Amino acid sequence: MPYESERAPRLGHVATVRNAAVASAMAQWQVTSDKPTTADDVEQLCRPLPELELVGPPTDVDFSITVDGSDTEVDTTRDHPTVKVGYLRVAGSMVRLDQFRELARARHIDPRIVRRAHGEYAFDVALPGAQLARPGMTGVDTWRFELNNFLLTGRFDSSTEMTLADGLLALHGTRGAPATEIPLRVCPSCGHRPAPEAPLTVGKLPGQCPQCSGAIFLGDVLRTHDEYNVEGSNLTPMSRVMTAAERLMTTCYLEYFAETAPEVLTHTLFITDGPLALFGPLAPLKRRLQEHLAGLTSWAADREIVGPLLVGMEKSGTFVEHAAMIEELIPPSHVMRLTNEYINKVTGRSPHNEYGHDEFYGRRFIYRTSKGDPLVITVPPAPGVEPYDGSSEAESWAAYPTLRLVCEVLDSLRTRMYDHAIVPVALAHSAAALPLGVGRSVLTMMAQQNIPGLRIDVQAVKRQLTFPGWQ
Ligand SMILES: [Zn+2]
């Protein structure tokens, strides 16, 4: 962290580039993600969208629900500038796509229509940063305690009493049969690793470690405490909590619709901010997400329902940068597959590296829209397919039956209103960045669209939503 008056690093950028040592080093290195030298490398991986399988008409997709989050660390007081509080907000934003498709064709956009066509719900939580603790607790235990409270009380939508903890339990169960307890691999307090015959499990009520008698919490399943920093920034574990909360929010919406009005799954595109992947301590959750989504897809197929429709959209990062660099090589309305070989080449990994295997529950593609913008997206595989196991099946077009439908829906949503952004993503991003006080429920708005079966919990709506504060 620089001092207030210290605006630039001591090694100014310009001076560094001119530095002889840097210049001679740069002369010997190549940027791995550089544009391929021949267009063939890219061309052979592309396919025109109309040649892919289409599982349902894009015009059937009338809604999108985008989940996005933002996080920050704030100073607590002037006296203690190193003491920080982590603050995060996760927002779900619903867009009526039929209205936006009309806007996409309009020359001038009426802000009143924009207002009517979307709703959003957000929840906020504060988590203790370094040097903040509940009386009698260590910093890391305070973190675990507050995170657990957040999961148990944080409702994914103000129209329901379903919490993020319910989402986490649903994820560890099967469609309609959520888990009641989740096994922990290791005790967060003493590091005890339970034997397979005596698993350490935890549900909504705190459990106890047989070794150290320490409390164990449902929130420990996320393992974010592994990255808690006693001194310094806790932005890393904060971002993990944000990502987990985003994925749990999406899981809750999927579960809620499957339970009350399954056909909503055909009519709604669920958009995740970032790739459909989980990194670091959250990576073990990817298997749960993959299996849960596969189970839901099979369950829906048995009822002749197409869905759920999910897509991860990346706004930044290596692949977004790479896509911008090679966009000219991808013809408009074409999708590019990213093979293991290609990914390893552009990211500077060994050719034998198995990219994404432990993290991704979908596979990444680059779609160049009909208007020419490159979108970096992830879509889930068909049930039973492991998206990054290195097999030819995982790299085939056939393994991603919803790819074309998702691309066509995204294509219909670009407007001049937002440069290089899909409308629902731009709106969700602004919802996640809003100051406190947002509260139009996505479910309430969905219910107002005359969807049969969709019941919202009126009691839940009336009750004031409260969040645990730290002291
Ligand atoms: Zn223990």
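Student: Which residues in helix H11 are buried?
Tutor: This is a predicted model, where local features need pLDDT of at least 70, side-chain atom pairs count only at pLDDT 80 or more, and totals for chains, interfaces and linings use all residues. Residues are numbered from 1 along each chain as its sequence is written. Helices are DSSP runs of H or I with at least four residues, strands are E runs of at least two, and both are numbered from the N terminus; buried means 20 or more other C-beta atoms within 10 Å of a residue's own, exposed means 12 or fewer, partly exposed is in between, and C-beta atoms are placed from the backbone. In H11, residues 318–326, the buried ones are Phe 319, His 322, Ala 323 and Ile 326.

Student: At what angle do H7 and H8 pack?
Tutor: Axes are lines fitted to C-alpha atoms, for helices over the stretch in contact, and angles run from 0 to 180 degrees between N-to-C directions. H7 (residues 164–171) and H8 (residues 235–260) have axes 8 Å apart, and their packing angle is about 75 degrees.

Student: What does that make H7 relative to H8?
Tutor: Under 35 degrees counts as roughly parallel, over 145 as roughly antiparallel, 65 to 115 as roughly perpendicular and the rest as oblique. So H7 is, relative to H8, roughly perpendicular.

Student: Which residues does Leu 168 touch?
Tutor: Leu 168 is one of the H7 residues that meet H8. Contact means C-beta atoms, placed from the backbone, within 7 Å. Not counting residues up to four places away in sequence, Leu 168 touches Leu 151, Leu 218, Val 221 and Leu 248.

Student: Where does Pro 383 lie, and how far in space is Ala 294?
Tutor: Pro 383 sits in the loop between E13 and helix H13 (403–411). Pro 383 counts as partly exposed because it has 16 C-beta neighbours inside 10 Å. Ala 294 is 89 residues away from Pro 383 in sequence, yet C-alpha to C-alpha the two are apart in space by 4.5 Å.

Student: How many helices and strands does the protein chain have?
Tutor: Of its 471 residues, 42% count as buried. The secondary structure of the protein chain comes to 16 helices and 13 strands.

Notes:
Two residues are in contact if their C-beta atoms, placed from the backbone, lie within 7 Å.
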